[in-house]
Amino acid sequence: MPKVLILNGPNLNLLGCREPNIYGSTSLDDLETILRSNIPPGMQLSFFQTNHEGEMIERIHRLIEAPVQGVVINPAAWTHTSVAIRDALIAINTPLVEVHISNIHAREAFRRHSYVSDIALAVIAGCGIQGYAFALETLNQHLKG
Ligand code: DQA
């Protein structure tokens, strides 16, 4: 049974009330419920969100001891700033899909660069929260070979 960890970075705890014109009106808890009810058959999901970069890095490191078969990550603002999160993701050597709710290429110039995209199996941006479901499907196909 493939295990997949869904990681969400800073400010994504405010989903649903934060800039709803950009990020929509679904809360992070509701997103988790939606994903759990549409999970690809046989997949086991876990979720983690933090506003603290060190906590995110340590959660990623725990995957060395307790591995999963796939990671979905919305690194949020750390996408554009964090070599440390990139390095942690490289260290775990696990297929990952990068998700952005908004189309980061259609916004401010500083959002166009990602420290994660070139180490990801796939990048999904601009599909709203549906992007997370697409990411799970992408991992599912990849893991099935
Ligand atoms: C985001 C895009 C980032 O630029 C931003 O900092 C976020 C959310 C998205 O999901 O569209 O916090 O990752």
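How far from an oxygen atom of the ligand does a backbone N or O atom of Ala77 lie? The distance is 3.2 Å. Welcome to this structure, which is a predicted model.

**Around the ligand**

- The residues surrounding the ligand are Arg18, Tyr23, Asn74, Ala76, Ala77, His80, His100, Ile101, Ser102, Ile104, Arg107 and Arg111.

**Contacts with ligand oxygen atoms**

- Ser102 brings a polar side-chain atom to 2.6 Å from an oxygen atom of the ligand.
- Arg111 also has a polar side-chain atom by a ligand oxygen atom, and here the distance is 2.8 Å.
- The protein buries 99% of the 320 Å² that the ligand exposes when taken alone.

**Two residues in the loop between β1 and α1**

- Asn11 belongs to the loop that runs between β1 (3-8) and α1 (20-23).
- Asn11 has a relative accessibility of 35%, so it counts as partly exposed.
- Glu19 is also found in the loop between β1 and α1.
- Glu19 is partly exposed because its relative accessible area is 38%, and partly exposed covers the range between under 20% (buried) and over 50% (exposed).

Terms used:
Residues are numbered from 1 along each chain as its sequence is written. This is a predicted model: local features need pLDDT of at least 70, side-chain atom pairs count only at pLDDT 80 or more; totals for chains, interfaces and linings use all residues. Side-chain values use heavy atoms; hydrogens and water are left out. A residue is near a molecule or strand if one of its heavy atoms lies within 4 Å of it. A polar contact is a pair of N or O atoms within 3.5 Å; within protein, one must be able to donate a hydrogen and the other to accept it, and residues adjacent in sequence count only if both atoms are side-chain atoms. Accessible areas come from the Shrake-Rupley method with a 1.4 Å probe; for residues, only the protein chains shown count as cover. Helices (H or I, at least four residues) and strands (E, at least two) are DSSP runs, numbered from the N terminus. Buried means under 20% relative accessible area, exposed over 50%, partly exposed in between (1.4 Å probe, protein chains only).
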